[in-house]
Amino acid sequence: MSNQGKRPDEIEFNTVVGKNIRYLRKSKKLTQTDVGQAIGVSFQQVQKYENGQNGLHSFSLYKIAHKVFNISMDVLADPQMITKHEGFKD
């Protein structure tokens, strides 16, 4: 779901979720391909999620949170998630 025509707050949400996905993926030493295979999308789509270029449909967000990272969806949407963890460098 492209950011084209989205409101600024929706784009910001997509960016936050993307950064959190990238952080968690790297912390678990997973590739974009690993995440994509787990939720049924290409690594390119995962890359777009991580860059905030595309937003996730709610079911994809659910699958990433629960199936890949074993967390609740609200953790992925938390703008402070990364700062609550030590050791991440952008």
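Which residues are buried in α1? In this predicted model, the buried residues of α1 are N14, V16, V17, G18, N20, I21, R22, Y23, L24 and R25.

The length of α1 can be checked against its residue count. After α1 comes K29, which has a positive phi, near 55°.

Two of the buried residues of α1, I21 and L24, also belong to the largest nonpolar core, which has 18 residues. The members that touch the most others in this core are I21, L24, L56, I64, F69, I71 and L76. At least two residues of the core come from each of α1 (8–27), α2 (32–39), α3 (43–50) and α4 (58–68). L24 shows how such contacts reach along the chain: apart from neighbours within four places in sequence, L24 is in contact with F69, I71, L76 and M81.

The next helix is α2, where Q32, V35, G36 and I39 are buried. Viewed down the axis of α2, these buried residues fall within an arc of 100°, and therefore they line one face of the helix. They pack against α1, α3 and α4. G40 follows α2, and its phi is positive, near 85°.

How values were computed
Residues numbered from 1 in each chain as written. Predicted model: local features only at pLDDT ≥ 70, side-chain atom pairs only at ≥ 80, totals over all residues. Heavy atoms only, no water. Core = buried A, V, L, I, M, F, W, Y, C linked by side-chain atoms within 4.5 Å. Buried < 20%, exposed > 50% of the residue type's maximum accessible area, 1.4 Å probe, protein only. Helix = DSSP H or I, 4+ residues; strand = E, 2+ residues; numbered from the N terminus. Contact = heavy atoms within 4.5 Å. Arc of directions from axis to C-beta.
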